[in-house]
Each structure stands twice: as structure tokens, then as C-alpha cells.
Amino acid sequence: MQLATVEATLTLPNGATQAMTAVTNAYGKARFTKTHKKVGSWQLCVDDITAPGYSYDPVGNTITCKTW
């Protein structure tokens, strides 16, 4: 399996943002680790996915942001 590079933006509860990058594992999953411990709502949005032979289409992607 070819690995992909996933670029994302993490929005902290105070509105500050942090750019994050991860490489997918053999199962196609990327893991992002947050180091901040702020309480409140967080959001992670995928900005781009780079992989050989793949073109990222954010409009066609059903989930581009995850809030928790």
C-alpha cells in the first residue's frame, strides 16, 4: 500500500489554529496527536491529501472536518 501525507488544521477551543501533518499507516489511517490540554470544543479539518496517483477533492469528500 502506498502511504499518503495528510495535512490538516486543528482549531483549539480558544480559536487558535495549528497546522498538522501525518502519514497514513498500512491501513490508510492517519494519527494526529494534540499536545494542548485546553477544555472546550476542538475541530480538525483535512486541508490536503498527497499520494502518488491520487488527487484530493475536498468537495467530493463526505467528511472534511471533525469536531469533538
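User: Which handedness does the disulfide of cysteine 45 and cysteine 65 have?

Analyst: This is a predicted model, and in it the torsion about the S-S bond of cysteine 45 and cysteine 65 comes to about 115°. Because of that torsion, the disulfide is right-handed.

User: How many residues apart in sequence are the parts that this pair ties together?

Analyst: Cysteine 45 belongs to strand β3, which covers residues 43-51, while cysteine 65 belongs to strand β5, covering residues 65-67. The pair therefore ties together parts whose separation in sequence is 20 residues.

User: How far apart are the sulfur atoms of cysteine 45 and cysteine 65?

Analyst: A search of the whole structure finds one disulfide. For two cysteine sulfur atoms to count as such a pair, they must lie within 2.5 Å. Cysteine 45 and cysteine 65 form a disulfide, and the distance between their sulfur atoms is 2.2 Å.

User: Is cysteine 45 buried or exposed?

Analyst: A residue counts as buried when its relative accessible area is under 20%. Cysteine 65, with a relative accessible area of 35%, is partly exposed. For cysteine 45 the relative accessible area is 15%, so this residue is buried.

User: What is the order of the elements of the protein chain from the N terminus on?

Analyst: The protein chain has zero helices and five strands. Read from the N terminus on, its elements therefore follow one another as β-β-β-β-β.

Definitions and conventions:
Residues are numbered from 1 along each chain as its sequence is written. This is a predicted model: local features need pLDDT of at least 70, side-chain atom pairs count only at pLDDT 80 or more; totals for chains, interfaces and linings use all residues. Side-chain values use heavy atoms; hydrogens and water are left out. Helices (H or I, at least four residues) and strands (E, at least two) are DSSP runs, numbered from the N terminus. Buried means under 20% relative accessible area, exposed over 50%, partly exposed in between (1.4 Å probe, protein chains only).
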